[in-house]
Structure formats: structure tokens, C-alpha cells
Amino acid sequence: MARFLRATFLAALALLLVGWAPLTVAAAATDPLLDEHVNRLTAELRCLVCQNQTIADSQAELAMQLKREVRQQLAGGATDEQVRDFMVQRYGDFVLYRPPVNKATFLLWAAPALLLLMGAGLLFAHWRERRVAFQGQVDSELPSMELDDAENDASQHPRRKLQT
């Protein structure tokens, strides 16, 4: 009898929890302005699991937790800047899709320009080296192809032979 009561109690509790979960999700999703605000802010934050997706786009469990955290903070009255600062303090500048330019991220921002300048410098050095190496030499000419009259005759052409 005690087992039956315990099993009945656990089953009722499970049904209550399963029935309660959609209500909490529906209650959380009732404010469209908050949803839009959360999506806009999480679109600026990188998923730490996927790394090529935003928290808004990712389906990873950590991304879902971070999105809930952002929602709770915004619902509690935090500003966008406060939420970003919280995420950066917790996960570092990597969580931002557009990290700020500072000592730690300077190389990240400067690397494309530095690589472009290095490539242009190497190209210029190579061009200059070739120019010095071939200075005074005449450009090569294609060998002249003088054909005698028999080869120029259309009847002697291999395709012409097949067509006749």
C-alpha cells in the first residue's frame, strides 16, 4: 500500500512538472518586445560551443542557458551594456562578435592589414629583383614559323582529308 501511494505521488508530481514546464516557457515568451530585445542582444554574442554562430542562432545547451541568462537580466532591468559587461567578465572578449580594440585584441584587428602590407612588400621585392636580374636583356621572341607552300595548302590539312 505504501508503495502504491509513493508511486501515485511520484506520478502526480511528474505530471505536474511536465504540465508546468510549457506554462513557464509560454509565460517567458509572452513579451514580444523583450523577445526582440533578447534576440538583438544575443545576436552580438558568440556561442562558446559553436564559435561560428551567435547565441541567438545556436541550439547548443550552453547557448540556451546564456540566452535565458540574458533574458533574466534584461527582464530585471539591466541595460545592454551591463549584460555585455557581465558576459565579458565571465567569458572574456571572445564572447563578443565585435571585440573592442585594446592591448589584448590589437593583433586581431591589425593582422589583416599587416598581412596585406607584407604581401605587397614581398610582391614589390620580387618584381624589383626580377627587374634587376633581367636588366638589359631583350624580351624573348616567339620563334618564327615559316611554313612552306605545301603545308599552307588547304588540301594537305588533316581535317580536310577527312572531310573529302
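The model is predicted. The chain has seven helices and zero strands, so that, under the run-based assignment of elements, the order from the N terminus is α-α-α-α-α-α-α. Buried residues account for 16% of the 164 residues. Of the contacts with a separation of 6 or more, 44% join residues 24 or more positions apart.

**Packing of H2 and H3**

- Helices H2 and H3 pack at an angle of about 125°, and their axes are 10 Å apart.
- The crossing of H2 and H3 is right-handed.
- On the H2 side, the contact is made by Leu-34, Asp-35, His-37, Val-38, Asn-39, Leu-41 and Thr-42.
- On the H3 side, Lys-67, Val-70, Arg-71, Leu-74 and Ala-75 make the contact.
- Sorted by class, the contact of H2 with H3 has six nonpolar, three polar and three charged residues.

**Packing of H2 and H4**

- Helix H2 spans residues 32–42 and helix H4 spans residues 80–91.
- H2 and H4 pack at an angle of about 45°, with 11 Å between their axes.
- H2 is therefore oblique to H4, since angles count as roughly parallel only under 35 degrees and as roughly perpendicular from 65 to 115.
- The crossing of H2 and H4 is right-handed.
- H2 contributes His-37, Arg-40 and Leu-41 to the contact, and H4 contributes Asp-80, Val-83 and Arg-84.
- By class, the contact of H2 with H4 has two nonpolar, one polar and three charged residues.

**Nonpolar core**

- The largest nonpolar core has 16 residues.
- Leu-45, Val-70, Leu-74, Val-83 and Met-87 have the most contacts inside this core.
- The elements giving two or more residues to the core are H2, H3 (61–75) and H4.
- H3 gives the most, with four residues.
- In soluble globular proteins, nonpolar side chains tend to be buried together.
- Which residues does Val-70 touch, not counting residues up to four places away in sequence? They are Val-38, Leu-41, Thr-42, Leu-45, Val-83 and Met-87.
- Val-70 also belongs to the H3 side of the contact with H2.

**Thr-54, in the loop between H2 and H3**

- Thr-54 is found in the loop between H2 and H3.
- Its relative accessible area is 10%, so Thr-54 is buried under the 20% cut-off.
- Not counting residues up to four places away in sequence, Thr-54 touches Thr-42, Ala-43, Leu-45, Arg-46, Cys-47 and Tyr-97.
- Among these, Leu-45 is one of the residues with the most contacts inside the largest nonpolar core, and Thr-42 is one of the H2 residues in the contact with H3.

**Ala-63, in H3**

- Ala-63 is found in helix H3.
- Is Ala-63 buried or exposed? Ala-63 is buried, because its relative accessible area is 1% and the cut-off is 20%.
- Leaving aside neighbours within four places in sequence, Ala-63 is in contact with Cys-47, Ile-55 and Ser-58.
- Cys-47 is also touched by Thr-54.
- The C-alpha atoms of Ala-63 and Cys-50 are separated by 8.9 Å, and the two residues are 13 residues apart along the chain.

Note on methods:
Residues are numbered from 1 along each chain as its sequence is written. This is a predicted model: local features need pLDDT of at least 70, side-chain atom pairs count only at pLDDT 80 or more; totals for chains, interfaces and linings use all residues. Side-chain values use heavy atoms; hydrogens and water are left out. Axes are lines fitted to C-alpha atoms, for helices over the stretch in contact, and angles run from 0 to 180 degrees between N-to-C directions. Angles under 35 degrees count as roughly parallel, over 145 as roughly antiparallel, 65 to 115 as roughly perpendicular and the rest as oblique. A crossing is left-handed if the near helix is turned anticlockwise from the far one by less than a right angle, and right-handed if clockwise. Contact means heavy atoms within 4.5 Å. Ala, Val, Leu, Ile, Met, Phe, Trp, Tyr, Cys and Pro count as nonpolar, Asp, Glu, Lys and Arg as charged, and the others, Gly among them, as polar. A nonpolar core is a set of buried Ala, Val, Leu, Ile, Met, Phe, Trp, Tyr and Cys residues joined through side-chain atoms within 4.5 Å. Buried means under 20% relative accessible area, exposed over 50%, partly exposed in between (1.4 Å probe, protein chains only).
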